[in-house]
Amino acid sequence: MQQEKVTISNFIKILKKNHPQITVKTNLTFKQLTTFRIGGKIKALVEITKVDELLKVLGLLKEYDVPYFILGKGSNLLVSDKPCKYVILKIMLNTITVRKNKIICGAGVSLFKLNTVAINNGLSGLEWSFGIPGSVGGAVKMNAGSFGGEMKNVVECVYYTDGEKIYKKTNKSLQFSYRKSYFSNKNYVVLKAIFNLEFGASEDIKNKCLNNLKSRQNTQPYNKASAGSVFKRPLNNFAPVLIERCNLKGFKCGGAEISTKHCGFIVNQDGNATFNQVFKIITKIKKTVSKKFGIILEEEIIILR
């Protein structure tokens, strides 16, 4: 039977009492944990390093009706500057093993680490993702892609949980499409993925990765705080092209700015941009593009209020 709803502070007391081995941090902000360097105080961040710990925490969250949010590398996220009203579950499932041409990888592993393992084992198919500052779990959930590659081309299967049981889905049932998957609008947590790759020469794979990274650095504001591409690609068009044709390149609101290097990015120019400043720019872009071209842009980033 569901318990009466409790505050986050009281929930953490309950969690610590029942599972003292689980690490809980209370002195963090999203400004520290997102690539946008924006966001308010976090009342409680629970570090998840084991699947059984995740199930225990999710069970308690459900029992006490406490809202929560799953955090990976924070690379595709714009968060409110107000104190967070969620318990944050930081996914740190970082095991990674290689079996022949397959990599079995925890959801918390960074794409950089995944690529490093692939290079060292002469496994090709992930080069397109080199330089993306995300985690495996987040990349699977949104079917991340670039340079003509995407997750749906390399993921063999995914293990996930609803907080009670662990399930497995193979590629065909993962409903991969442009920046979407089976997990996009569901409250499931990705645990691990198995990647089916091809054998190749490590030096060739490494060179492809480095060339892709160089391309990102040359065409994107790679050294600026951002959340990556803000908008999904509209049908038969490109969001950055539409934004530039609206003469919005370099448009500013406080410390936030539409990148002059790549109009698909909004950057935290001075490190002091706020949620509201970025959100005002997003709103400005959507209204201007809609008025000029009749196209409704859809955010690719996750907005957490």
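Buried means under 20% relative accessible area, exposed over 50%, and partly exposed in between, with a 1.4 Å probe and protein chains only. I looked up Lys168 with this scale and found a relative accessible area of 48%, so Lys168 is partly exposed.

**Ground rules**

I am working on a predicted model, where local features need pLDDT of at least 70, side-chain atom pairs count only at pLDDT 80 or more, and totals for chains, interfaces and linings use all residues. I number residues from 1 along each chain as its sequence is written, and side-chain values use heavy atoms, with hydrogens and water left out.

**Entry: Lys168**

I placed Lys168 in strand 14 (residues 166–170). Helices (H or I, at least four residues) and strands (E, at least two) are DSSP runs numbered from the N terminus. I listed its contacts (heavy atoms within 4.5 Å), not counting residues up to four places away in sequence: Lys168 touches Cys157, Val158, Tyr159 and Tyr160. I also checked Lys168 against Glu300, 132 residues along the chain, and found their C-alpha atoms separated by 26 Å.

**Entry: salt bridges**

How many salt bridges does a search of the whole structure find? I get nine, where a salt bridge is a side-chain nitrogen of Lys or Arg within 4 Å of a carboxyl oxygen of Asp or Glu.

Lys102 bridges to Glu156, with the closest N and O atoms 2.5 Å apart. This pair links distant parts of the chain, since Lys102 is in strand 9 (residues 102–106) and Glu156 in strand 13 (residues 155–161), 54 residues apart. Lys102 counts as partly exposed at 25% relative accessibility, and Glu156 counts as partly exposed at 28%.

Lys232 pairs with Glu298, the closest N and O atoms being 3.1 Å apart. Lys232 lies in the loop between strand 17 (225–226) and helix 7 (239–245), and Glu298 in the loop between helix 8 (275–293) and strand 21 (302–304), so the pair ties together parts that are 66 residues apart in sequence. I have Lys232 as buried, at 12% relative accessibility, and Glu298 as partly exposed, at 42%.

Glu257 forms a salt bridge with Lys252, and I read 3.5 Å between the closest N and O atoms. Glu257 is buried at 8%, whereas Lys252 counts as exposed at 53%.

**Entry: helix 4 against helix 6**

Two packed helices are described by the angle between their axes and the distance between the axes. I looked up helix 4 (residues 111–120) and helix 6 (residues 202–219), which pack at an angle of about 150° with their axes 8 Å apart. The axes are lines fitted to C-alpha atoms, for helices over the stretch in contact, and angles run from 0 to 180 degrees between N-to-C directions. Angles under 35 degrees count as roughly parallel, over 145 as roughly antiparallel, 65 to 115 as roughly perpendicular and the rest as oblique. Helix 4 and helix 6 are therefore roughly antiparallel to each other.

Which residues meet here? From helix 4 I have Asn115, Ile119 and Asn120, and from helix 6 Ser202, Ile205, Lys206 and Cys209. By class, the contact has three nonpolar, three polar and one charged residues. In this scheme Ala, Val, Leu, Ile, Met, Phe, Trp, Tyr, Cys and Pro are nonpolar, Asp, Glu, Lys and Arg are charged, and the others, Gly among them, are polar.

**Entry: Glu47**

Glu47 sits in strand 4 (residues 45–48). Buried or exposed? At 15% relative accessibility, Glu47 counts as buried. I found a polar contact of 2.9 Å joining the side chains of Glu47 and Lys25. A polar contact is a pair of N or O atoms within 3.5 Å; within protein, one must be able to donate a hydrogen and the other to accept it, and residues adjacent in sequence count only if both atoms are side-chain atoms. Leaving aside neighbours within four places in sequence, Glu47 is in contact with Ile22, Thr23, Lys25, Glu53, Lys90 and Met92.

**Entry: positive phi**

I noted Arg37, which has a positive phi of about 55° although it is not a glycine. Arg37 lies in the loop between helix 2 (30–33) and strand 3 and is partly exposed, at 39%. Arg179 has a positive phi near 55° and is likewise a residue other than glycine. I placed Arg179 in the loop between strand 14 and strand 15 (189–196), and at 13% relative accessibility Arg179 counts as buried.
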